[in-house]
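Try each task before you read its solution.

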Amino acid sequence: MVRAVVFDVGETLVDETRIFSRWAGRLGVPAGTFLGLIGACAATDRPLEDAFELARPGIDLPAEIARWAVDDPDDLRENFDADDLYDDVRPALAALRDAGFAVVVAGNQPPQARAALEAMDLPVDSIRTSDEWGVEKPDPRFFAAVAELTGVPPSDIAYVGDRLDNDVLPAADAGMRPVLVRRGPWGYLHATRPAAGRVDVVDSLLELPGLLA
């Protein structure tokens, strides 16, 4: 029986369209082009970083992020805020808590992401990032940290994400119930793959209370 529901961040809770559109401006390419490159990486199982390399060959991404912070310190830059949440996030999280589930956010995110998420005052019990744990999905140690944080066995945890490879299949291998949300470039693509037969697929987080009850 599921007692805790744990959520990925990017394209699960947060719509990354504004983030990548700002990146397109920084890289000097049209937003549609950069978003298309991201979709191409998703379709061909290439890492997201390849989209940056395609847009600007030879880019040193950490150095570019640091320069951007100096050039425009007051802008969101590569970050997100409450305006980037998908519309179903708050009501779905609240409904899960009302139904008695523990609700946790834990994803591959940089250090500033936890503060950004906490500022949103989401109806969740805990928020953690890969940066804090020093390990990223799909490493099994990430999911072991998730189980330790929730305080319940992996079999009592549902992990919700937008990717098969990084999120829900590793969660399934860790003994958790895997739920793929069909949004974002990876979510739409991965929902069509044969391996999606191993997981629950939803189109909205509002489906979760009924699915997990």
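A residue is called buried when its relative accessible area is under 20%, exposed when it is over 50%, and partly exposed in between (1.4 Å probe, protein chains only). This is a predicted model, so local features need pLDDT of at least 70 and side-chain atom pairs count only at pLDDT 80 or more, while totals for chains, interfaces and linings use all residues. Residues are numbered from 1 along each chain as its sequence is written, and side-chain values use heavy atoms, with hydrogens and water left out.

**Exercise 1. Classify the ring pair of phenylalanine 20 and phenylalanine 34.**

Step 1: recall the rule. Rings of Phe, Tyr and Trp (its six-membered ring) pair if their centres lie within 6.5 Å; planes under 30 degrees apart are stacked, over 60 edge-to-face, and the rest tilted. The whole structure holds 7 aromatic pairs by this rule.

Step 2: apply it. The two ring centres are 6.2 Å apart and the planes meet at 65°, so this pair is edge-to-face.

Step 3: Phenylalanine 20 belongs to helix H1 (residues 17-27) and phenylalanine 34 to helix H2 (residues 31-43), 14 residues apart. Helices (H or I, at least four residues) and strands (E, at least two) are DSSP runs, numbered from the N terminus.

Step 4: check burial. Phenylalanine 34 has a relative accessible area of 0%, so it is buried; phenylalanine 20, at 9%, counts as buried too. Both also belong to an aromatic cluster with Trp23, Phe52 and Trp68.

**Exercise 2. Which residues of H2 are buried, and what do they pack against?**

Step 1: check the length of H2. The expected span is 1.5 Å times one less than the number of residues. For the 13 residues of H2 that gives 18 Å, and the end C-alpha atoms are 18 Å apart, which agrees.

Step 2: list the buried residues, which include Phe34, Ile38, Cys41 and Ala42. In general, an α-helix has 3.6 residues a turn, so residues three or four places apart point the same way.

Step 3: find their partners. With contact meaning heavy atoms within 4.5 Å, the buried residues of H2 pack against H1, helix H3 (49-55) and helix H10 (184-190).

**Exercise 3. Which members of the largest nonpolar core touch the most other members?**

Step 1: define the core. A nonpolar core is a set of buried Ala, Val, Leu, Ile, Met, Phe, Trp, Tyr and Cys residues joined through side-chain atoms within 4.5 Å.

Step 2: pick out the members. Of the 46 residues in the largest core, Val5, Phe7, Phe34 and Leu205 touch the most others. H1 gives the largest share, 5 residues.

Step 3: look for another core. A second, separate one of 14 residues includes Phe142, Val146, Val152 and Met176.

**Exercise 4. Where is aspartate 45, and which residues is it in contact with?**

Step 1: locate it. Aspartate 45 lies in the loop between H2 and H3, and just after H2 it takes a positive phi of about 60°.

Step 2: list its contacts. Leaving aside neighbours within four places in sequence, aspartate 45 is in contact with His190 and Arg193.

Step 3: compare positions. Aspartate 45 and aspartate 165 are 120 residues apart along the chain, and their C-alpha atoms are separated by 9.2 Å.
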